[in-house]
Amino acid sequence: MELTRLVGSLSFCIFLVMMAISVAAQPSDDDSSPPVLDTSGRALEQGIEYYIKPAITDNGGRFTLIDRNGSCPLYVGQENVSGPDGFPVIFTPFVEGETLIRESRDTKVVFSAATTCIQSTAWKLGERDTESGRRLIVTGEIVVTEENESWRKAGNFFKIRRTGAGDNIYNIEWCPTEVCNFCRFDCGTAGSLVENGKRLLALDGSVLPVVFERA
């Protein structure tokens with residue numbers, strides 16, 4: 001009995017330490033993270049439309065909405081080839097009052113497009129693909145009714161991180177630590193998943209470096 005109680009207390013202490021570290025690591029609202037830059041070297045701004053496209057041209061085309069299975073919701077993916085097709089997106093920072101899109105900060109991404117689906121065109125963490133086991137990115141808005149459950153909207157927030165592979169080249173991640181402290185233990189970086197001739201955006205596999213082009 002004493003041993004069981006000791007193990008339980010130790011586990012609880014470890015949990016508290018991990019949560020404390022997680023909270024301490026969160027960036028503050030006045031964090032001076034550098035802004036994400038577009039292909040012209042300008043900072044990405046809230047409310048401006050941008051095309052997302054692969055940094056390497058033979059890795060598919062611009063990001064777009066994908067009809068994966070003939071029904072809603074639509075999925076986030078790419079055009080198969082480089083070209084003028086695809087939909088622009090609008091970024092919105094999680095931090096209220098922020099007008100620039102900054103590296104490694106929680107950001108909502110929404111396609112600027114009209115569809116026949118009822119759902120929003122906001123990006124959202126979706127289900128796991130049964131064959132590859134990778135998490136897909138779908139569209140739809142998470143509605144939170146209880147103020148103390150705001151962490152549930154974490155599925156609608158993503159991060160943009162510089163790759164170091166070249167100027168203004170970035171990776172897109174699902175790792176919304178400003179919205180959800182404990183989500184850092186389940187992060188993933190986005191890449192392509194080809195399924196039935198369609199390019200879907202998915203986490204937990206090959207990574208797709210991207211650039212942002214002002215529409």
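Predicted model: local features only at pLDDT ≥ 70, side-chain atom pairs only at ≥ 80, totals over all residues.

A: Strands S4 and S5 run antiparallel and are joined by five bridges. A strand here is a DSSP run of type E with at least two residues, while a helix is a run of H or I with at least four; both are numbered from the N terminus. Two strands are said to pair if DSSP finds at least two bridges between them.

Residues are numbered from 1 along each chain as its sequence is written, and side-chain values use heavy atoms, with hydrogens and water left out.

S4 also pairs with strand S1 (residues 49-54), in the antiparallel sense and over two bridges. Ile-90 takes part on both sides: Glu-49 has Ile-90 as its bridge partner in S4, and Val-110 of S5 stands opposite Ile-90. In a regular strand the side chains alternate between the two faces of the sheet. In S4, the covered face holds Val-89, Phe-91 and Pro-93, and the uncovered face holds Ile-90 and Thr-92.

Arg-105 lies between S4 (89-93) and S5 (107-111). Arg-105 counts as buried because its relative accessible area is 6%. The cut-offs are under 20% for buried and over 50% for exposed, with partly exposed in between, using a 1.4 Å probe and protein chains only. The side chain of Arg-105 makes a polar contact of 2.7 Å with that of Glu-178. A polar contact is a pair of N or O atoms within 3.5 Å; within protein, one atom must be able to donate a hydrogen and the other to accept it, and residues adjacent in sequence count only if both atoms are side-chain atoms.

A disulfide is a covalent bond between the sulfur atoms of two cysteines; here, a pair of cysteine sulfur atoms within 2.5 Å is counted as one. By this rule there are three disulfides. One of them is formed by Cys-72 and Cys-117, whose sulfur atoms are 1.9 Å apart. This link is left-handed, with -90° about the S-S bond. The two cysteines are 45 residues apart and belong to distant parts of the chain: Cys-72 to the loop between S2 and S3, and Cys-117 to the loop between S5 and strand S6 (123-128). Cys-72 is partly exposed at 37% relative accessible area, while Cys-117 is buried at 12%.

Cys-72 is also joined to Pro-73 by a cis peptide bond, with omega about 5°. Most residues other than glycine have a negative phi, and most peptide bonds are trans.

Cys-175 is buried, at 7%, whereas Cys-187 is partly exposed, at 29%.

A further disulfide joins Cys-180 to Cys-183, with the sulfur atoms 2.1 Å apart. The link of Cys-180 and Cys-183 is right-handed as well, with 90° about the S-S bond. Cys-180 is buried, with a relative accessible area of 1%, and Cys-183 is buried at 8%. When bonded cysteines are counted along the chain, the disulfides follow the pattern 1-2, 3-6, 4-5.

Phe-182 is placed in the loop between strand S9 (170-174) and strand S10 (188-189). Phe-182 counts as partly exposed because its relative accessible area is 42%. Together with Trp-151 and Phe-185, Phe-182 forms a nonpolar surface patch of about 320 Å² accessible area. Such areas come from the Shrake-Rupley method with a 1.4 Å probe, and for residues only the protein chains shown count as cover. Patches are made of residues with over 30% relative accessible area and no salt bridge; like charges are joined within 9 Å, and nonpolar side chains (Val, Leu, Ile, Met, Phe, Trp, Tyr) within 5 Å. A salt bridge is a side-chain nitrogen of Lys or Arg within 4 Å of a carboxyl oxygen of Asp or Glu.
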